[in-house]
Amino acid sequence: MIARELMTGIPAVVAADETLVTAAELMRTRSVGMLPVVEGRSSHRLVGVITDRDIVVRSVAFGHGPAAKVGEHMSREHLVTVSATTPLAEVADLMRMH
(Lines give C-alpha, C1' and ligand atoms only; values in the text may rest on other atoms or scores of the structure.)
Protein backbone atom coordinates (compact mmCIF):
# COMPACT_ATOMS: atom_id res chain seq x y z
CA MET A 1 0.00 0.00 0.00
CA ILE A 2 1.22 3.52 -0.78
CA ALA A 3 0.45 6.97 0.64
CA ARG A 4 -1.88 7.91 -2.24
CA GLU A 5 -4.30 5.20 -1.14
CA LEU A 6 -4.88 6.97 2.20
CA MET A 7 -4.43 10.60 1.13
CA THR A 8 -7.31 13.04 0.80
CA GLY A 9 -7.68 13.83 -2.88
CA ILE A 10 -8.28 17.54 -2.50
CA PRO A 11 -7.26 18.55 1.02
CA ALA A 12 -8.45 21.74 2.66
CA VAL A 13 -5.62 24.27 2.97
CA VAL A 14 -5.26 27.77 4.35
CA ALA A 15 -2.91 30.51 3.14
CA ALA A 16 -0.36 32.04 5.51
CA ASP A 17 -1.89 35.50 5.02
CA GLU A 18 -5.41 34.41 5.95
CA THR A 19 -6.82 34.98 9.43
CA LEU A 20 -6.98 32.44 12.22
CA VAL A 21 -10.76 32.83 12.12
CA THR A 22 -10.72 31.58 8.52
CA ALA A 23 -8.56 28.61 9.56
CA ALA A 24 -10.77 27.81 12.55
CA GLU A 25 -13.95 27.98 10.45
CA LEU A 26 -12.41 25.66 7.86
CA MET A 27 -11.35 23.22 10.59
CA ARG A 28 -14.88 23.26 11.98
CA THR A 29 -16.61 22.70 8.63
CA ARG A 30 -14.15 19.95 7.62
CA SER A 31 -14.05 18.37 11.12
CA VAL A 32 -10.26 18.45 11.23
CA GLY A 33 -7.78 19.69 13.80
CA MET A 34 -4.93 20.52 11.42
CA LEU A 35 -4.58 22.29 8.10
CA PRO A 36 -1.64 22.51 5.73
CA VAL A 37 -0.56 26.14 5.28
CA VAL A 38 0.37 27.22 1.78
CA GLU A 39 2.31 30.26 0.66
CA GLY A 40 -0.68 31.56 -1.27
CA ARG A 41 -3.87 30.34 -2.84
CA SER A 42 -2.30 30.29 -6.30
CA SER A 43 1.05 28.66 -5.47
CA HIS A 44 0.00 25.90 -3.07
CA ARG A 45 3.62 25.67 -1.89
CA LEU A 46 3.59 24.15 1.60
CA VAL A 47 5.10 26.51 4.19
CA GLY A 48 3.76 25.04 7.44
CA VAL A 49 0.82 23.62 9.32
CA ILE A 50 -1.68 25.13 11.74
CA THR A 51 -3.51 23.12 14.38
CA ASP A 52 -6.43 23.93 16.61
CA ARG A 53 -3.93 23.78 19.49
CA ASP A 54 -1.69 26.35 17.75
CA ILE A 55 -4.66 28.71 17.56
CA VAL A 56 -5.41 28.33 21.26
CA VAL A 57 -1.87 28.24 22.69
CA ARG A 58 -0.14 30.69 20.35
CA SER A 59 -2.95 33.17 19.78
CA VAL A 60 -5.98 33.04 22.08
CA ALA A 61 -3.85 32.54 25.21
CA PHE A 62 -1.95 35.73 24.35
CA GLY A 63 -5.07 37.75 23.60
CA HIS A 64 -4.41 38.13 19.89
CA GLY A 65 -7.48 39.31 18.04
CA PRO A 66 -9.50 37.68 15.26
CA ALA A 67 -7.45 39.45 12.58
CA ALA A 68 -4.27 37.56 13.57
CA LYS A 69 -2.70 35.84 10.57
CA VAL A 70 -2.10 32.12 10.22
CA GLY A 71 1.53 32.76 9.27
CA GLU A 72 2.18 34.36 12.65
CA HIS A 73 1.03 31.30 14.61
CA MET A 74 1.68 28.26 12.43
CA SER A 75 4.35 25.62 12.87
CA ARG A 76 6.89 26.05 10.10
CA GLU A 77 10.02 24.23 11.18
CA HIS A 78 10.95 20.63 10.52
CA LEU A 79 8.28 19.90 7.91
CA VAL A 80 8.50 16.35 6.67
CA THR A 81 6.66 15.40 3.51
CA VAL A 82 6.32 12.30 1.37
CA SER A 83 5.31 11.67 -2.21
CA ALA A 84 2.05 9.98 -3.15
CA THR A 85 3.98 6.83 -4.03
CA THR A 86 5.81 6.48 -0.71
CA PRO A 87 5.15 3.08 0.88
CA LEU A 88 3.00 3.29 4.02
CA ALA A 89 5.66 1.55 6.09
CA GLU A 90 8.03 4.43 5.30
CA VAL A 91 5.30 6.98 6.08
CA ALA A 92 4.70 5.32 9.46
CA ASP A 93 8.44 5.28 10.20
CA LEU A 94 8.73 8.99 9.40
CA MET A 95 5.72 9.77 11.60
CA ARG A 96 7.28 7.88 14.50
CA MET A 97 10.60 9.68 14.05
CA HIS A 98 9.13 13.17 13.72
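Student: Where is Asp54 found?

Tutor: This is a predicted model. In it, Asp54 sits in helix α2, which spans residues 52–58.

Student: Is Asp54 buried or exposed?

Tutor: The cut-off for buried is under 20% relative accessible area. Asp54 has 8% relative accessibility, so Asp54 counts as buried.

Student: Which residues is Asp54 in contact with, leaving aside neighbours within four places in sequence?

Tutor: Val49, Ser59, His73 and Ser75.

Student: Let me step back to the whole chain. How many helices and strands does the chain have?

Tutor: Three helices and three strands. Read from the N terminus, the elements run β-α-β-β-α-α. The C-alpha atoms fill a box of roughly 45 × 30 × 25 Å along the principal axes.

Student: What share of the 98 residues is buried?

Tutor: Buried residues make up 29% of the chain. Contacts tell another part of the story. Take those with a separation of 6 or more: residues 24 or more positions apart account for 54% of them.

Student: How do I read a helix such as α1?

Tutor: Start with the general idea. An α-helix has 3.6 residues a turn, so residues three or four places apart point the same way. Now the case here. The buried residues of α1 are Leu20, Ala23 and Met27. They cover an arc of only 60 degrees around the axis, which puts them on the same side of α1.

Student: What do the buried residues of α1 pack against?

Tutor: They pack against β1 (14–15), β2, β3 and α2.

Student: Which exposed residues are on the face of α1 turned away from its buried side?

Tutor: Arg28 and Thr29.

Student: Which residue follows α1 with a positive phi?

Tutor: Ser31, with phi near 55 degrees. Ser31 is not a glycine, yet its phi is positive. Ser31 lies in the loop between α1 and β2. The cut-off for exposed is over 50%. Ser31 has a relative accessible area of 68%, so Ser31 is exposed.

Student: Where is His44, and what is its phi?

Tutor: His44 is in the loop between β2 and β3. Its phi is positive, about 55 degrees, although His44 is not a glycine. His44 is partly exposed, with a relative accessible area of 47%.

Student: Where does Gly40 lie?

Tutor: Gly40 also belongs to the loop between β2 and β3. With a relative accessible area of 16%, Gly40 is buried. Now compare sequence and space. Gly40 and Ala15 are 25 residues apart in sequence, but their C-alpha atoms are 5.0 Å apart.

Student: How do I read a nonpolar core?

Tutor: The general idea comes first. In soluble globular proteins, nonpolar side chains tend to be buried together. In this chain, the largest nonpolar core has 14 residues. Those that touch the most other members are Val14, Ala23, Leu35, Val37, Ile50 and Val70.

Student: Which elements give two or more residues to this core?

Tutor: α1 (20–30), β2 (34–38) and β3 (46–51). Of the elements, α1 gives the most, with three residues.

Student: Take Val37 from that list. Where does Val37 lie, and is Val37 buried or exposed?

Tutor: Val37 lies in strand β2. At 0% relative accessibility, Val37 counts as buried.

Student: How do I read a pocket?

Tutor: Rolling a probe the size of a water molecule over the atoms shows where empty space is left. Here, the largest pocket has a volume of about 1,200 Å³. There are 27 residues lining the largest pocket, and the closest to its centre are Met34, Pro36, Val49, Val80 and Thr81.

Student: Which elements give two or more residues to the lining?

Tutor: β2, β3 and α3 (88–97).

Student: How do the lining residues divide into nonpolar, polar and charged?

Tutor: The lining of the largest pocket has 20 nonpolar residues, six polar and one charged.

Methods
Residues numbered from 1 in each chain as written. Predicted model: local features only at pLDDT ≥ 70, side-chain atom pairs only at ≥ 80, totals over all residues. Heavy atoms only, no water. Helix = DSSP H or I, 4+ residues; strand = E, 2+ residues; numbered from the N terminus. Buried < 20%, exposed > 50% of the residue type's maximum accessible area, 1.4 Å probe, protein only. Contact = heavy atoms within 4.5 Å. Core = buried A, V, L, I, M, F, W, Y, C linked by side-chain atoms within 4.5 Å. 1 Å grid on protein atoms, 1.4 Å probe; cavity = no way out; pocket = protein on both sides within 12 Å on 5 of 7 lines; lining within 4 Å. Points joined across faces, edges and corners; volume = space filled by probe spheres on them. Nonpolar A, V, L, I, M, F, W, Y, C, P; charged D, E, K, R; others polar. Arc of directions from axis to C-beta.
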